Amino acid sequence: DILLRHTDSNVNPENWDWQALKGEFNIIFLTDTTIPKEKIPKMKQEELLDTLLDKAKEKLAWREQELGEDGFNELLRFVLMATIDRNWRDHLYELDDLRQGISLRAYAQKDPLIEYKHESRKTYEDMRIEVAKNASSLIFRAQPGPRQRRPQPTREYKPSAIAQPAAQPAAQGAPAARRPVVAGKKIGRNDPCPCGSGKKYKKCCGRNA
């Protein structure tokens, strides 16, 4: 995109806007792009593109060496996410504005739907170029802060509850547990036994009385 804005294959290379090309490239990549004057008259766009790409890759390799592999990858991930998020939101706002005014194209005998598809495609391509430009510039300017290690949560020791043995179910057909006899009024020998067995007192708890 930078190359196409400042050069033209149909124009003599000596008439290209070398000053603007150098200035814009230096702003993004923070590196010199001076081309020897003797090479300019025979310079082609493809050759110039290769030269600019080599300088950009060289600067990128230097940045990676400066930060280390882990630091560089972390910075790259942050820059891409932040740049894409910001430009994508701007792109959605542009689509909203375009959608609100696209119906006016009908007065110019143009199909609003076709016009909207054409314009939205153009804004998307512009967004992609802007993302690449902003991300490339930010990679060489952003300074990652010190990496802080997250504190590990301490586990508090809590003794587990001691399991209580489960109550054993009464065997089928076994006699029910007898309730203790509470001393009170005198029980007759033919009265029902107060233990709840259903037998007479003289044949149950009062047998040995």
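1. Patches here are built from residues with over 30% relative accessible area and no salt bridge, with like charges joined within 9 Å and nonpolar side chains (Val, Leu, Ile, Met, Phe, Trp, Tyr) within 5 Å. Keep in mind that this is a predicted model, where local features need pLDDT of at least 70, side-chain atom pairs count only at pLDDT 80 or more, and totals for chains, interfaces and linings use all residues. Numbering runs from 1 along each chain as its sequence is written, and side-chain values use heavy atoms, with hydrogens and water left out.

2. On the surface, one nonpolar patch is made of Leu-80, Ile-84, Trp-88, Leu-92 and Tyr-124, which together have about 430 Å² of accessible area (Shrake-Rupley, 1.4 Å probe, only the protein chains shown counting as cover for residues). Helix H3 contributes the most, 4 residues, while Tyr-124 sits in helix H4 (helices are DSSP runs of H or I, at least four residues, numbered from the N terminus).

3. H3 also holds Arg-89 and Asp-85, 4 residues apart, about one turn of the helix. Their side chains form a salt bridge at 3.3 Å, N to O (the cut-off is a Lys or Arg side-chain nitrogen within 4 Å of an Asp or Glu carboxyl oxygen). The whole structure has 10 salt bridges.

4. Now the largest pocket, with about 530 Å³ of space (an open set of points on a 1 Å grid where a 1.4 Å probe fits, with protein on both sides within 12 Å along at least five of seven lines; lining residues have an atom within 4 Å of a point). Of its 21 lining residues, Ile-2, Ile-28, Phe-29, Ala-132 and Ser-136 are closest to the centre.

Notes. Points joined across faces, edges and corners; volume = space filled by probe spheres on them. Helix = DSSP H or I, 4+ residues; strand = E, 2+ residues; numbered from the N terminus.
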